[in-house]
Amino acid sequence: MKPQLNCWTPFAVGRQGLRLRHMILRKPCDWLLLSAITLALPLSATGADEAIRYKPVSREVVESRLKKYAGNDQQREAALKQMFADAGCDGQHLSEQAVKAARQPNVICVLPGSSDKIIIVGAHFDHVLAGDGVVDNWSGASLLPSLYEAVKIEPHTHTYIFIGFTDEEKGEVGSHFYAGQMTKEQVAATDAMVNMDTLGLATTEIWVSHSDKRLSRALIYIAKQLNLPVKGIDVEQIGSTDSEQFAARRIPSITIHSLTQETWNARILHTSKDKISAMRLDDYYQTYTLIAAYLAFLDQVAGVASKN
């Protein structure tokens, strides 16, 4: 049985600067073939009878990890690795990947699933010298251990690979190296790559033009079920991001961010204004809870469409 699910689809609206994409209800998404789960009821993080189960960590934990941004990139890499260990990613599944031409390695935590299918979740931990680099991108990197904790409690089909990328600011060096080292078999097994870059300036946003449509619609669907805000804002003028390396290898990818026209005009990124005081912590925790639910949801639906 194929449930008829209404899906929000973005359309472009002309605007100077960033391109804002509003979400509207449109035709049913026939790609969401969810015969194994029921999505007519609201999802929750703790309901015993819910099909999608996950357990977000507390806001206190999320904010405490966000505050560990201090230091140079070497210290940030060490802090991220320690946070993964504290979250329960043991030595067998926590590793560093030496990256050619980079001083710091990629940090990798693997959460095994029951199949060889893979979902990659990534964010870069490096930053430019100006400012503290909290928004760009400790906001994304520090969520990785908390997302690991949210999905580790329940059995899952996909193996989740959480990656803190090095040297994104120098040309996506870490993600380029990781994606380049993937074998053809690993590429074929990877159903999704979820990239987080620059969170907490506003509510959850999708870089629609640089994201897989099915992954974007899945995030919008889950946001609607949880009554959480999400919108699409394209940030072409900003440059590039780590998901591009995976998209180039035909891996479905999505970039989640929070940059708005207002915050772009305020010149927070790559300046002394990139401090923890720039973060909207209510929005930031909402984004975390949404992504946690999204990752649990993707375990059910990522790759389904290609098999039917």
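User: Among contacts in the protein chain between residues at least 6 apart in sequence, what share join residues at least 24 apart?

Analyst: Start with the word itself: contact means heavy atoms within 4.5 Å. Here 80% of those contacts join residues at least 24 apart. Keep in mind that this is a predicted model, where local features need pLDDT of at least 70 and side-chain atom pairs count only at pLDDT 80 or more, while totals for chains, interfaces and linings use all residues. Residues are numbered from 1 along each chain as its sequence is written, and side-chain values use heavy atoms, with hydrogens and water left out.

User: Okay, how many helices and strands does the protein chain have?

Analyst: Helices (H or I, at least four residues) and strands (E, at least two) are DSSP runs, numbered from the N terminus. The protein chain has 10 helices and 10 strands.

User: And what percentage of the 308 residues is buried?

Analyst: Buried means under 20% relative accessible area, exposed means over 50%, and partly exposed is in between (1.4 Å probe, protein chains only). In the protein chain, 56% of the 308 residues are buried. Helix H4 (residues 144-151) is mostly covered, with eight of its eight residues buried. Among them are Leu144, Tyr148 and Val151.

User: How do I read two packed helices, say H2 and H4?

Analyst: Two packed helices are described by the angle between their axes and the distance between the axes. Axes are lines fitted to C-alpha atoms, for helices over the stretch in contact, and angles run from 0 to 180 degrees between N-to-C directions. The axes of H2 (residues 73-87) and H4 come within 9 Å and cross at roughly 15°. That makes H2 roughly parallel to H4, since angles under 35 degrees count as roughly parallel, over 145 as roughly antiparallel, 65 to 115 as roughly perpendicular and the rest as oblique. Leu80, Met83, Phe84 and Ala87 in H2 meet Leu144, Pro145, Tyr148 and Glu149 in H4. By class, that contact has seven nonpolar, no polar and one charged residues. For the classes, Ala, Val, Leu, Ile, Met, Phe, Trp, Tyr, Cys and Pro count as nonpolar, Asp, Glu, Lys and Arg as charged, and the others, Gly among them, as polar.

User: At what angle do H7 and H10 pack?

Analyst: H7 (residues 213-226) and H10 (residues 281-301) pack at about 120°, with their axes 10 Å apart. That makes H7 oblique to H10. Residues of H7 including Leu215 and Ile222 meet residues of H10 including Tyr294 and Phe297. By class, the contact of H7 with H10 has 12 nonpolar, no polar and no charged residues.

User: What about the backbone: which peptide bond is cis?

Analyst: Look at the bond from aspartate 136 to asparagine 137, which is cis with omega near 5°. Asparagine 137 lies in helix H3 (residues 134-141). Aspartate 167 sits in the loop between strand S6 (159-165) and helix H5 (173-181).
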